[in-house]
2 protein chains.
Amino acid sequence: MDIATLRAQHPDHWTLACPIRTLTLDAVAAANSGHSGMPMGMADVATVLFQNHLKFDASAPNWPDRDRFILSAGHGSMLLYSLLHLTGYADMTLEQIKNFRQWGAITAGHPEYGHATGIETTTGPLGQGIANAVGFAMAEENLRARWGAKIQDHHTYVIAGDGCLMEGVSQEAIALAGKHELSRLIVLWDNNGITIDGKVSLSDVTDQMARFAASGWDVFACDGHDPVDIDRAIVAAKTSPRPAMIACATHIALGSSAQDTSKGHGALTAPDLIAQTREVYGWPHGPFVIPADIKARWEAIGARGVDARKDWERRLSNLSDTKRAEFTRIFKGEAPAKLAAVVRALKKQAVETMPKIATRAASERALEVINPIMQETMGGSADLTGSNNTKTGDLGVFMPESREGRYVYYGIREHGMASAMNGMALHGGVRPYSGTFMCFTDYARPAMRLSALMGVPVVYVMTHDSIGLGEDGPTHQPVEHLAISRATPNTLVMRPADLVETAEAWEVAFSQTKTPTVMALSRQNLPAVRKKHLNLNMVAKGAYVLEEAEGKRQVILMATGSEVEIAVKAREILQAEGIGCRVVSMPCWELFEEQDQAYRRKVLPPGPVRVAVEAGIRFGWDRWLFGEGGKREKSGFIGMHGFGASAPADRLYKEFGITAEDTAAKAKSLLGL
Amino acid sequence: MDIATLRAQHPDHWTLACPIRTLTLDAVAAANSGHSGMPMGMADVATVLFQNHLKFDASAPNWPDRDRFILSAGHGSMLLYSLLHLTGYADMTLEQIKNFRQWGAITAGHPEYGHATGIETTTGPLGQGIANAVGFAMAEENLRARWGAKIQDHHTYVIAGDGCLMEGVSQEAIALAGKHELSRLIVLWDNNGITIDGKVSLSDVTDQMARFAASGWDVFACDGHDPVDIDRAIVAAKTSPRPAMIACATHIALGSSAQDTSKGHGALTAPDLIAQTREVYGWPHGPFVIPADIKARWEAIGARGVDARKDWERRLSNLSDTKRAEFTRIFKGEAPAKLAAVVRALKKQAVETMPKIATRAASERALEVINPIMQETMGGSADLTGSNNTKTGDLGVFMPESREGRYVYYGIREHGMASAMNGMALHGGVRPYSGTFMCFTDYARPAMRLSALMGVPVVYVMTHDSIGLGEDGPTHQPVEHLAISRATPNTLVMRPADLVETAEAWEVAFSQTKTPTVMALSRQNLPAVRKKHLNLNMVAKGAYVLEEAEGKRQVILMATGSEVEIAVKAREILQAEGIGCRVVSMPCWELFEEQDQAYRRKVLPPGPVRVAVEAGIRFGWDRWLFGEGGKREKSGFIGMHGFGASAPADRLYKEFGITAEDTAAKAKSLLGL
């Protein structure tokens, strides 16, 4: 539908949609950067969605049963900011719109979760929003099954562009949604045929509707500028028993001289172009001006959900006090009071039995006691359930026929899994954890970074965390992945050494509300190194003295995870020769960094020779070898210097020189012995 | 087709296929680990492919015009090793098969490129092989267009499993292949319905044939145990004008008690099971025994291509000496002699004009002089051509209608792009480089790691390499990505400061034969810092003294890329106050690490205060702050401590305290001033 017809046939709609377009033009011009074309193209679709369908209440942006609206094409952030401002979200003032992309404004270049209410997730890295949305929809299905439709009963809407659909993660997400028949998930595809480099056809001939249909979706199409047609398609999508994709044929940068061109994708800032576009729109108002009557109509849309929200609150208040408290707790993402107690009990049991087990098995032991008292957990694995030990007996399986199940078979989709977990955590009411091999952190990286950037407390269970996995060889052996995870801001990287430390690590991970955790776990069996019960969670300190030196402290050995065993044995060798040696277990550098300097110095006092032992590369270790009073000439590293190899684990440790003997010898040579 | 029918109707075929299955059983049993089921399931398909179709000569494994065979489902490595042994590849002895997955053997758990001839690429991380294959096929199309079908004219065959097809990168690869109508690419899908967690249907309902068709493929199906049907499908696929996918219906772990189960996916080692399976197969021979007549038949298959290869060699020898030398050079991956000269000329010009340009623009300037003298380069971008500055005027565009073009519009597919580049480089004759934003290194990580592990010299042009990109905000601002890239073994991470350094960096990158390069380039303009012409390539040293201290050397400032400007200005501030200050530019840590200690000490002598300036996180910098005689108490870091923000770049540098003033102040405070 062209603009003239649209204005003539649907003047009310046009008037509503117009300020989305003009605020976009004005904000991008003021910032002299941004993306004008997408909001201009999708304004009609968004208007119909917000006006007729989206269940929301601008005055209660965190209402747990609201529909979720996700702008996967995050570069079109002005579409979202305009909608939030127009519908009356209190924090999205006109001032913020005017400060689009400026320091301190909540209107960042791409929507940043936590900056403003109504931003359900951080988008911009393409494909993430649509993959998050699958997690949102899974969380909704699970909560609806467990809490009833009176408490959870909503849709998840996504606007996605060609970029989102070209990214591989979109296929993982689409296939997951299709398998799980997520009928509450509706994707509005901004089918404008344009990418940054030019026409989509430069790089793609995919029939997107056929592709979605192949993975179990219902597909619809509409003229993305015809409000009646848009509405018809959304109505159809809502009644479909499967996830639905609507191909919305739109014109990028509608009405401007850059319409339907890649130029229109970017920042349209030329005053002439903007003036001409305003004329085409028939919009006589100045920059950032929205006539009061139009604003009032939008605010009425923003208040459309007030009654529904109040009804929902009544229904919530009808729950028992216990249930309501539980609902509140899980949506706050708080750990239950019982968590500390069950972990403590497991630790007691552990020091009694001293099991020699892999930390992945220790992790399963911990989850076995935690999952029953945290009904909000949802576990899973990217097709490595038996290897990641993420499935405990009580979880049940999340399936179309058993939505209440809490275990997800994600398939071989590490990236989609991680992104879905972000969506689940953002939805609230669910605490996701899932596993793959540590080496395949690589596949999940883009989503793992967003966990950290958004501050969502998902847990990545990364087993087979070193050459200790053995024969699968270097493609499966992480050597740089601890460094990569540690290099990522706002991420706890846990590498526990035995059952006690693993249990403590889970307690820490599940107590986070703003920080994701990477749980690096061994494939191979490890002896218990924590031999006395302590009520205190030592992993929460990040590092601590595991074994003290006897006699004069000449050496400090630092190690994590599977190499703590090696450090303990090396200490025995050194002590047998009369060399006093302390062993420091360092399961979480980030938490150790957070301790005060006095504690850090207590654990790592200046003076003794320091040797770090870790079956990964050295990168990052210098912080602890030379820091806190350490000295380069008195420190050494026992670990990997490149990629691994395929052979049984014991052989690899020997060949790469990561043994107690090598460690002791290194310490002695640093002592000049 | 069941085994009884197969044996009855196709006894010759059965006898050929059998030793693939039994060698797999024997090798996995000997190793007590591995994956038996896939080779047992796909032995019939592979036998037909090698017997009737694959153009190869086991005695000349590197023949440039051979068909490429890629085992994307790399866990089934014994399929490949069996075929290589049976057809007579000299290095794949029976001894190697017996040492499957053992230290020092060429028969690693997953096929490792470079370990044995006939392994075209490293596989195991799922989806990589099929995505590499797209690069192989693109290289072949390009070389055929440029050298003629007499010199390049072959197919690329892939065996892919369900895991490969679930990984998102497969969609990127499939769509790219569909767009480019890569008719020489044929994917044999091992459609066995089983993954590690159980049935495929646990996690997927995708109609794979419809999905491939939606992206422009021709699709075929066959009974993967009926040699006639397999052959029919391959013949049809070869004549198809588009890339072809053949769904081969197979039984995983065929003939064993674990057939059609997820148990069959893994290591079948029970002696009973193996004995029973041998019985079902009618294979009376002992472990690792292959009767001479069967081996002879296989070796005849391995020699099938001898005549074709000799014909090809004759055709190659008919080329002019110059052309033949060029062909040999590009397949060796060697830089032309002229490279140094054109880079030197550009450097001379640069110090004369001292342009203030972004290093991404400097990179384009370098490519403009290099691409004409290196006709083997193929550039590209993941839909950021104008931002990455990777397209020079002379390249032409690689399209179905212009196969000779050397620029690829990869679409929004960083992962597929990186994986395709690996394939191109492995194919030989082509030297790929391509771009995206540095932050989206994340998306390409799995393939970038494989570039490093395999040792293929692709170049990743990663622009917008810091908060200096400004308004796009933290989703687009790398802070940990330099650390991530540096943490990866066998990777050169270049961060040049101006046009001279950028030109030098390209010379180094294009001189590599075994190492990939990450070229981290600025969005923002930077002043020239190299003011005098030197013939010597200083970037090749990794780090060097850019500005010497005047007077007593009290401070050493270390910086890379866009922060060298800041260090130079900070030096001016310090010198103005009479504080002698050296500036060290460190464009490539890895190369600096390779210099002898005398050189490193010369550049970073002990004594002065050291301050590092880099608009990324500190992780890794301690190596240079404390190493080579540095001291913690006399060193400081000016950079990022977490994620960035959305605002103009200048504002961000100020707010995050990364300025010349901050740097000078830090140095002074370390001096106690």
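Visitor: Hi! Is B:Glu577 buried, partly exposed or exposed?

Guide: B:Glu577 is partly exposed, at 44% relative accessible area. Here buried means under 20% relative accessible area, exposed means over 50%, and partly exposed lies in between (1.4 Å probe, protein chains only). This is a predicted model, where local features need pLDDT of at least 70 and side-chain atom pairs count only at pLDDT 80 or more, while totals for chains, interfaces and linings use all residues. Residues are numbered from 1 along each chain as its sequence is written, chains are lettered from A and ligands numbered from 1 in the order in which they are written, and side-chain values use heavy atoms, leaving out hydrogens and water.

Visitor: Thanks! What does B:Glu577 form with B:Lys668?

Guide: They form a salt bridge, with the closest N and O atoms 2.7 Å apart. A salt bridge here is a side-chain nitrogen of Lys or Arg within 4 Å of a carboxyl oxygen of Asp or Glu.

Visitor: And where do the two sit in the chain?

Guide: B:Lys668 is in helix α27 (residues 660-670) of chain B, and B:Glu577 is in the loop between α22 (564-576) and β16 (580-585), so the pair links distant parts of the chain, 91 residues apart. Helices (H or I, at least four residues) and strands (E, at least two) are DSSP runs, numbered from the N terminus. B:Lys668 is partly exposed as well, at 23% relative accessibility.

Visitor: Which residue of chain A does B:Glu480 pair with?

Guide: B:Glu480 forms a salt bridge with A:Arg449, with 2.8 Å between the closest N and O atoms. This pair crosses between chains, from the loop between β11 (459-463) and α20 (481-487) of chain B to helix α19 (residues 441-454) of chain A.

Visitor: New topic: what does UniProt list for residues 357-529 of chain A?

Guide: An unreviewed UniProt entry lists "domain: Transketolase-like pyrimidine-binding" there. UniProt positions are given in the numbering used here, feature names are shortened, and annotations may be inferred rather than shown by experiment. In the model, this span is 37% helix and 18% strand, and its end C-alpha atoms lie 11 Å apart.
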